[in-house]
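Hello,

Here is the structure you are taking over. Please look at it first, then read the notes that follow.

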Amino acid sequence: MSAPVIVWFRRNLRLTDNPALLAASESGQPVLAIYVHDELDTGGASRWWLHGSLESLSRALRELGTDLVIRSGDPVEIIPALVRETGADALYCSRRYEPAARRQEKALRDALGDDCERKVYDDYLLRHPNTIKTGSGSPYRVFTPFYKASTAHGEPGAPLPAPDSVTAWQGSTESLDLADLDLLPTAPDWSGGLAETWQPGEAGALARLDAFEKHVAAYGKDRDLPGTEGTSRLSPHLHFGELSPRQVWHGIRLASRELAADRAEPFLRQLYWRDFSWYLLFHFPTLPATPLRPEYANFPWSEDEAMLRAWQTGRTGFPIIDAGMRQLWATGWMHNRVRMIVASFLVKNLMIPWQTGAAWFEDTLVDADMASNSASWQWVAGSGTDAAPYFRIFNPVTQSRKFDPDGEYIREWVPELAGLPARDIHEPWTADGLTLATAGVQLDRDYPRPIVDLKATRERALEAYRELRANSAA
DNA sequence: CCTGGAGTTGTCCTA
DNA sequence: TTAGGACAACTCCAG
């Protein structure tokens, strides 16, 4: 029996544009495909998604000619043991960029030694973070120059085709059943809304890309309106590598070739924001826990359990915020504009630490992503790389009127307010008694009054930021 | 080392 | 009703 090539699936749960799989299939050697569940993803919604994605991958590989071996534990022990057991002489995989995954890769390199060839491909990002530096050799901290430098390297490489077939390794090795990983919620099973909203796996990812290609020209105009289908909703598919950013880039470029070049740019730029977040995490590995601007460690946060609970469950009394938090809970996803509004509210009006908000998102988002999540929460808190003016505090009512003018989004996710006219739906506590009665809304009974005073908490936050600046200058 | 333009996403008050 | 300015400087980055 000839020695297999091991293809280790990580954040690239797909067949197309999968350089590790393609290289293995063309190596002339049999292929052993494996996924090792290592608890790097612990969020509940992510685990639900992962189950579906692995199920889909497993089925697709079987059609291609091989099974997917599933294990659970530390890859640094499991992979070398598998190499010894099977006599494999090569390991192909896709790179991951989380600090723990990078440590893991280093340890694996040492554990494998020279007898086993290792190939680690870069297909998770448009560019490897090491290839982009400022003129002085330091990492960028501002998006625009990063974007210019990154695009100056030219277009992203063209995606690779899926292999036509794979010669399966004929030996046998132990494998878990997918169900053994225990990724799905049971008592209670809260995943119904997720299943209605999403189709995890490569086929679902490609269908989503295909559907979005028809809307990309309107992205610049619609992306900020949570009541429309203005965004791509590709984030969870990209997170799990069910398609690559290169596939998205080229797919969108091809679909928009008859439009003016700048019509696709607002969306394509977002792919570089994804890259930028990973770039920041790569160069600043403390990003998930520690403010990038050290003076923010002294911000006077207030841990208030009741306030936090109201935010998490969508009972703050601000309809746009409650709509967002309920959409998140029901579907594992929230519109980007609304993420900014709820995050600003948590950090600036409630003054609850951004890390607490990030942890909730980590647990509830199907696209929970260490890089984007950390970088974005730090951006909102003002402690990140971008010098966000400290007075940029979102007013949830103003934002609601501006981006959900007819209240469609609110009506969908806060149905108890659906009867209110657009004029009042953004701040029901100001509606007159007759309007409320006609809409069948009794405040406190059907819907809470605001849990904080916007004006007072805004002033409090401004004062705290002023204080912070004064102290750090001294 | 110096210079100067620029920085994802805002709000509020005033005229 | 709407447009413009204040809010404050500071850091980043290229030349």
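Helix α11 (residues 261-283) packs against helix α16 (residues 370-381) at an angle of about 85°, and their axes lie 8 Å apart. Axes here are lines fitted to C-alpha atoms, for helices over the stretch in contact, and angles run from 0 to 180 degrees between N-to-C directions. The two helices, α11 and α16, are therefore roughly perpendicular to each other (the term covers 65 to 115 degrees; under 35 counts as roughly parallel, over 145 as roughly antiparallel and the rest as oblique). On the α11 side the contact is made by R274, S277, W278, L280 and L281, and on the α16 side by M370, A371, S372, S374 and A375. Two residues are in contact if their C-beta atoms, placed from the backbone, lie within 7 Å. The residues of this contact between α11 and α16 comprise six nonpolar, three polar and one charged. Ala, Val, Leu, Ile, Met, Phe, Trp, Tyr, Cys and Pro count as nonpolar, Asp, Glu, Lys and Arg as charged, and the others, Gly among them, as polar.

This is a predicted model, in which local features need pLDDT of at least 70 and side-chain atom pairs count only at pLDDT 80 or more, while totals for chains, interfaces and linings use all residues. Residues are numbered from 1 along each chain as its sequence is written, and chains are lettered from A and ligands numbered from 1 in the order in which they are written.

Chain A has 21 helices and five strands (DSSP runs numbered from the N terminus: helices are H or I of at least four residues, strands E of at least two). The C-alpha trace of chain A spans about 80 × 55 × 50 Å along its principal axes.

Some local points in the loops follow. A187 and P188 are joined by a cis peptide bond, with omega about 0°. P188 sits in the loop between α5 (143-151) and α6 (192-197). M351, in the loop between α14 (336-349) and α15 (354-364), has a positive phi near 55° and is not a glycine. D444, in the loop between α20 (433-439) and α21 (454-473), is also not a glycine and has a positive phi of about 75°.

Are these two residues buried or exposed? M351 counts as partly exposed, because it has 19 C-beta neighbours inside 10 Å, and D444 counts as exposed, with 9 C-beta neighbours inside 10 Å. A residue is buried with 20 or more other C-beta atoms within 10 Å of its own, exposed with 12 or fewer, and partly exposed in between; C-beta atoms are placed from the backbone.

Regards
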